[in-house]
Amino acid sequence: MEEEPLVSPSHSPPVIQHGPVRRERSFEYQVVIVASACLHLSLFGMLLSLVPTLYPLQSREKGLSSWQVGLHSGTSGLVMLVATPSVGQLAPRCGIKFLCLAGSFLSAAVLAVFGLLEYSPPGSTFFWLSIACAALQAVGFAGLQLGLMALLATEFADNLGKVCSYLEASVILGATVGPFLAASLHGFMLPFGVLGCSALLATLAMYFVLPADIGMQHQRSLQAGTCHQNDGGAPYSTLATHWELVYPSLACAAVNVVIAGYSATYSDFLSQDLDMNFLGISVVNAALVIPNVLTALVIGIPVDRGYGAWIITGGLLSTAISLYMYQPLASLADTSPSSAGVAVVGLSVVCGVARTCALLPVFPVMHRYATGALGDELGTRSRLAAMKSSAGYIGTIVGGPVGGLVYDHLGFPDYASVLATVILILSLFSILPIVKRIFHSCCLLIVITEGVSCVGNAHNVSQGTRMPPN
């Protein structure tokens, strides 16, 4: 009888694993990663806030028309919308670190060079150069944004809501400080040059901060034979079939429609309908933005505890209610302008907080559901980030032109009521899963009742005392 050959443990078949192997980082290292991401987004918040502040003034000096300025503004959103799905496919292939660094470098370099357009010849040359800069910057920022979201979902899966709140607060602070820096740094070239070079230095720092193995676990496991070839995550077609992922995306689009509509019409409404001066408009805009920072820092904890979907719905409902309140506000302005001024500041605070509550939990909610239902893969996380970002870009692209068109024909109070109705209907769709469960429970109860009735009738027939039908 031959002895069976002993199998060495070193030659044992590989263990097939589904999902990335996470490495535990020290708390200090995680703090450095979050601080680097916050610094990056605050710098880009400042840079991107310079474009709507300085570009319209510079374009008038170069002889551009209003529609050309509007086309430049829409180019970034349109290019991001087109590029985001393709960029979302790069994270499993190139790694998160490469995606963050390449996107940050491209966007920062283009924005630094954008200031040199001050010396460009006027007319069509300036216009097409600015369009090219907007398109390249949009591609770079899409890569940076998706890379950072995939990074956070990889390293901070259990505290994603809290970390996203820090990044959201950083963006808001940067966008708030940016126009003041533009006023202190005179001219067009100097603000873009200073902040663009600062962002390039932050990109260099990020190269040393981010570990090289972030997002590369799948490739290394594939080479070692410890994971399947198709472990790249769920495709977009699968993500689009889950209502739990579609609803937060729709909420993101709706909130961005409101934000873009506000940007296009709110200042005109305050100056023309409420007769506010520049100082009053600045106070209202500050009331719309500054409370968002505090809200963003607070709601991260309940989002991590599983209440993100309810916060989104509550934010949508609060946004709809605050928008409906602009109708009586317009009537109040005719009788008591001072009271209307105080009321519009309060409404701006409520609407700003509600928008943050509806927008910030979107990606953590989508990631939380997808991790349990579709698997925790880098490809799934990067496509979720692309799905969320694309919804936001659609809202931005639609909100500005549609808001301006409706505002010209109906005025801001009616435009706000239309937006409120759409958002209210969307918020009611959040109860669809609950209605679906109730419907299934009722159907199951009916089936059980009919089954018991049939069994009882059969028993009565066997006894010769069949009950008459009801």
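Buried, here, means under 20% relative accessible area. By that cut-off, Tyr55 is buried, and Phe126 is buried too. Keep in mind that this is a predicted model.

Stay with those two residues. Their ring centres are 5.8 Å apart and their planes meet at 10°. Planes under 30 degrees apart count as stacked, so this pair is stacked. Tyr55 belongs to helix α1, residues 27-61, and Phe126 to helix α5. Overall, the count is 11 aromatic pairs.

Now another pair. Tyr207 and Phe208 are edge-to-face, with 5.2 Å between centres and 85° between planes. Are these two buried or exposed? Tyr207 is partly exposed, at 46% relative accessible area. Phe208 has 62% relative accessibility, so Phe208 counts as exposed.

Next, helix packing. Helix α4 covers residues 96-114, and helix α5 covers residues 124-155. They pack at about 150°, with axes 7 Å apart. Angles over 145 degrees count as roughly antiparallel, so that is what α4 is to α5. Their crossing is left-handed. Which residue classes make up the contact of α4 with α5? There are 16 nonpolar residues, nine polar and no charged ones.

That's my tour. Questions, please.

Note on methods:
Residues numbered from 1 in each chain as written. Predicted model: local features only at pLDDT ≥ 70, side-chain atom pairs only at ≥ 80, totals over all residues. Heavy atoms only, no water. Axes fitted to C-alpha atoms, helices over the stretch in contact; angles between N-to-C directions. Helix = DSSP H or I, 4+ residues; strand = E, 2+ residues; numbered from the N terminus. Parallel < 35°, antiparallel > 145°, perpendicular 65-115°, else oblique. Left-handed = near helix turned anticlockwise from the far one by under 90°. Nonpolar A, V, L, I, M, F, W, Y, C, P; charged D, E, K, R; others polar. Phe/Tyr/Trp six-rings, centres within 6.5 Å; stacked < 30°, edge-to-face > 60°. Buried < 20%, exposed > 50% of the residue type's maximum accessible area, 1.4 Å probe, protein only.
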